Amino acid sequence: MEIDSRSSGFNSSNQSSGRGWRTYLFIVTAIIAVPMLVIFASLLQPFSSAWQHLFDTVLTDYITNSLLLMAGVGVGTLVLGVSAAWLTAMCEFPGRKILSWAFLLPMAMPAYIIAYTYTGILDFSGPLQTALRDTYQWQYGDYYFPEIRSLGGAICMLSLVLYPYVYMLVRVAFLEQSTAVLEASRNLGKKPWQTLFLVALPMARPAIVAGVSLALMETLADYGTVAYFGVSSFTTGIFRTWYGLGELTTAAQLCAFLMLFVFALIMAERWSRQRLRFHHHSAQKKMVRLRLKGWRSALAISVGGLIVFLGFILPATQLAIWASVGWQENINGDFFRLLFNSFSLAAIAAICCLMVAVFLAYTKRAFATRMELGAVAVASLGYAVPGTVIAVGVLIPVAWLDNQIDFLSTTWFDYPTGLLISGTIGLLVFAYLVRFLSVALNTVDSGLTAIKPSIDESARSLGATPSRVLSRIHLPILRTSLLTALLLVFVEVLKELPTTLILRPFNFNTLAVRTYELASDERLVDAALPALAIVIIGLLPVLLITKSILNERFSNE
Amino acid sequence: MAIFTPSARSFLSAALLVITPLYSAASDEVNIYSARQESLIKPLLERFTEQTGAKVNLVTGKGDALLTRLKSEGMNSPADVLLTVDAGRLYRAQEANVLQAIKSDELNSLIPGHLRSSDNQWYGLSVRARVIVYAKDRVQASQLSTYEALADPEWRGKICVRSSSNIYNQSLVAGMIASQGMMKTEGWLKGFVGNFARPPAGGDRDQIKAVASGQCDIAVVNSYYLGGMILSEDQAQQTAASKVALFWPNQKDRGTHVNISGAGITKSAKNVQLAEQLIVFLAANGSQEWYAERNNEFPVREAVAVSSVLESWGPFVADKLNVSELGRNNSAAIMAMDRAGWK
């Protein structure tokens, strides 16, 4: 759309009023990019002998496994997410309404938690295989059973909890697609599935890309699942280099390469759709859903049901069974404090992320030049970086700043300030902003892409200021995307562990921290209650917000 | 945003939290960065508060992450005490120059020389032993002797052990490098890794369960996990634990490999005296008994009474190697494990 706006003839007025916006954009992205730049700066330091060791031994493994993991999760989330979106947005069958929110449920499930529960069920020593052996008198090696703790297992786990990103964004895209175009396709005699592949999917490309890239970035940043499954990925390699070899610089350098890789992917994708436009020009018109009958309807119900069963019902039930042991003594004042901490932290971070995302997305749309686009792209790399590394990237410059302030204050005013920002909740919220900004930004961006630039231009030509265009035109149209972004970040922060672990203040715990501590001690039964609480709190906004997201266009059905 | 009105009050109070640092440097408070998880340290800290009236503030996390936080915060760090669950991280803290020497005759008399740093920068507070666990129905104790013997071909496809990313596997190998040298250790690793029943995955309890259910015959694990399973409320874990037995390796030579959880006082400590008082408290008999009772860890001295589970495993000879060596050889151990293909 940059092309549209630049060729529109409003260029000069944009330029003058855009200067202020662009300056702010630059300041905001610069602050958010600091942790990433700290990591990139490690590339300026000498490469230690640890690199030689990594080259000689494990680096190939790390890279291969991570690429396979990405490919697997990419395909998995694409297939699951797009099918779910197509079924609930374009088709009509009994149970569709229930499925359209139930598809979101797995999002509330942290990936490492689903990994624990499936291992509990499917492992060699788990109830299923034990029952099989007891029934058929088998021994180890007598039968084939897929090993859950493997690369394939990790792909399944991550796909099951990450497909909702694709589902959410693609569903909105499908719903907002021009009914006229889809009807034209049908009237030309194309079968529904042909319409899907020839028209609907290509038109939904920005949403698909946004959803899948979120899923892939999360995959690259995942440590808990792959570490538990014994898969040596690039990320486990980063931590092994840091914790094991004690080489923080080499670990940061590895991470910098990971970020360069992600940056290249983002740029390649952007370049490939540079001249394409995805907004439509026809008026909104109520769309008629394709009514599924007979076996088609049965298939839709069972496929949809299976996805929800595997991604949510089964693991949640397992958690509930574990949590039912001794929950009475675990629900106490301390537990409610955890609930409060987790909830308020997630809510604050979600609102901050949303505000920044709206500002960046809109400024980008209205005024950005190539340089600012690059700055925003760097600022949104955080999601692909493991939380612990982000935390270090935040910790080092902020502690430095704190110490400088303390030094100056002590020398000038003889008043030591100590550490002002380090170890506060404010720092934690900033770290979440760095890490999860792209979740909100991608969502808001893909919503904005669907709005015609000519709307902006008409409003501007009638004398509306950019902020008025944003508040009176874009935000109301974007309501769905905004709520979606809010929800996504809320749930992300709720599940977040590594950043919280390092940066939190004294005596401050969250549900995720408690879950992790118990689970890392292999006390899954005790970890189940806080884990279940994460899932349940994550469900609240899913239920609240989906009501408004889902009823957008078919409200009077 | 009408959905948020009911909780507007919680937002407000949470927003206040954002701008208020939660710690202070009051004279009767001590601040801890702890790699030991909350449930395994907080009850002791509460006891300390009861006895002394001093408030204890706690942040838990991974050792290296806490150390990075401590390093970047520098002399203004609020932390008084660094607590870790292995000697390697304390050694690293010592190398990073963030700890100070403690001059305490009391601590020196409570904690044996090989479980603390030579310059008194840190002290071991509990002992964790890495043992062999075997299937009672398939393995005789007489077949077992040392870690070294686990590389023998008779164990091909019969051993379960977790990933080499686990610190206790690293320290086991680091200890072997210190006592046997790199050459011998590399040879051993080759045979040992060749004997794995499956690619390493899961934690120590998972290895014990795998032995119990017949996927492998022996596993190398930390003893407190077996203790935890024996005392578990979960029936499945109890059953699994009942099918295996514990073997103390290397009783006739250097002794069973042990690591420690331990603590040091930071250079930035505002309250050195109280910090020292806390470490003495953690080394005293009451706390030592608690480690055994609560987490089946061994006390740092022999005179302390241990729990019935530890009692049932009998006395054992522990490796007397100074645990600093585990830290010194940690990265060499990782590299050797990488070369041997131990995932």
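**Note on the predicted two-chain model**

1. Chain B is divided by the domain assignment into domain 1, covering 2–127 + 259–307, and domain 2, covering 128–257 + 318–340. The model is predicted. Between the C-alpha centres of domain 1 of chain B and domain 2 of chain B the distance is 29 Å.

2. The two domains of chain B touch through 20 residues of domain 1 and 19 residues of domain 2. On the domain 1 side, the elements giving two or more residues are α4 (87–95), β5 (122–135) and β9 (258–266) of chain B. Of these, α4(B) gives the most, with five residues. By class, that side of domain 1 of chain B has seven nonpolar, 10 polar and three charged residues.

3. The contact between the chains takes 56 residues from chain A and 58 residues from chain B. On the chain A side, at least two residues each come from α12 (224–229), α13 (234–244), α17 (333–367), α19 (387–413), α20 (425–449), α24 (498–503) and α26 (524–550). The helix that gives the most is α19(A), with eight residues. The side of chain A that touches chain B divides into 28 nonpolar, 20 polar and eight charged residues.

4. Helix α15 of chain B (residues 330–340) is largely enclosed by the rest of the structure, because eight of its 11 residues are buried. The buried residues are Asn330(B), Ala333(B), Ile334(B), Met335(B), Ala336(B), Met337(B), Asp338(B) and Ala340(B). Their cover includes elements of both chains: α3 (50–56) and α13 of chain A, together with α4, α6 (167–180), α7 (182–194) and α14 (324–328) of chain B. After α15(B) comes Gly341(B), with a positive phi near 80°.

5. Within chain A, the axes of α13(A) and helix α14 (residues 248–272) come within 7 Å and cross at roughly 160°. The angle is over 145 degrees, so α13(A) is roughly antiparallel to α14(A). The crossing of α13(A) past α14(A) is left-handed. From α13(A) the contact uses Phe234(A), Gly237(A), Ile238(A), Thr241(A) and Trp242(A), and from α14(A) it uses Leu248(A), Thr250(A), Ala251(A), Leu254(A), Cys255(A) and Leu258(A). By class these residues are eight nonpolar, three polar and no charged.

6. In chain B, helix α9 (residues 223–230) and helix α10 (residues 235–242) have axes 7 Å apart and pack at an angle of about 125°. This angle makes α9(B) oblique to α10(B). The residues that meet are Leu226(B), Met229(B) and Ile230(B) from α9(B) and Gln237(B), Gln238(B), Ala240(B) and Ala241(B) from α10(B). The contact has five nonpolar, two polar and no charged residues.

7. Arg22(A) belongs to helix α2 (residues 11–41) of chain A. With 19 other C-beta atoms within 10 Å, Arg22(A) is partly exposed; a residue counts as buried at 20 or more. Apart from neighbours within four places in sequence, Arg22(A) is in contact with Thr363(A), Phe367(A) and Glu372(A). Arg22(A) and Glu372(A) are 350 residues apart in sequence, and their C-alpha atoms are 7.8 Å apart in space.

Key: Residues are numbered from 1 along each chain as its sequence is written. Chains are lettered from A and ligands numbered from 1 in the order in which they are written. This is a predicted model: local features need pLDDT of at least 70, side-chain atom pairs count only at pLDDT 80 or more; totals for chains, interfaces and linings use all residues. Domain bounds come from an automatic or database domain assignment. Two residues are in contact if their C-beta atoms, placed from the backbone, lie within 7 Å. Helices (H or I, at least four residues) and strands (E, at least two) are DSSP runs, numbered from the N terminus. Ala, Val, Leu, Ile, Met, Phe, Trp, Tyr, Cys and Pro count as nonpolar, Asp, Glu, Lys and Arg as charged, and the others, Gly among them, as polar. A residue is buried if 20 or more other C-beta atoms lie within 10 Å of its own, exposed if 12 or fewer, and partly exposed in between; C-beta atoms are placed from the backbone. Axes are lines fitted to C-alpha atoms, for helices over the stretch in contact, and angles run from 0 to 180 degrees between N-to-C directions. Angles under 35 degrees count as roughly parallel, over 145 as roughly antiparallel, 65 to 115 as roughly perpendicular and the rest as oblique. A crossing is left-handed if the near helix is turned anticlockwise from the far one by less than a right angle, and right-handed if clockwise.
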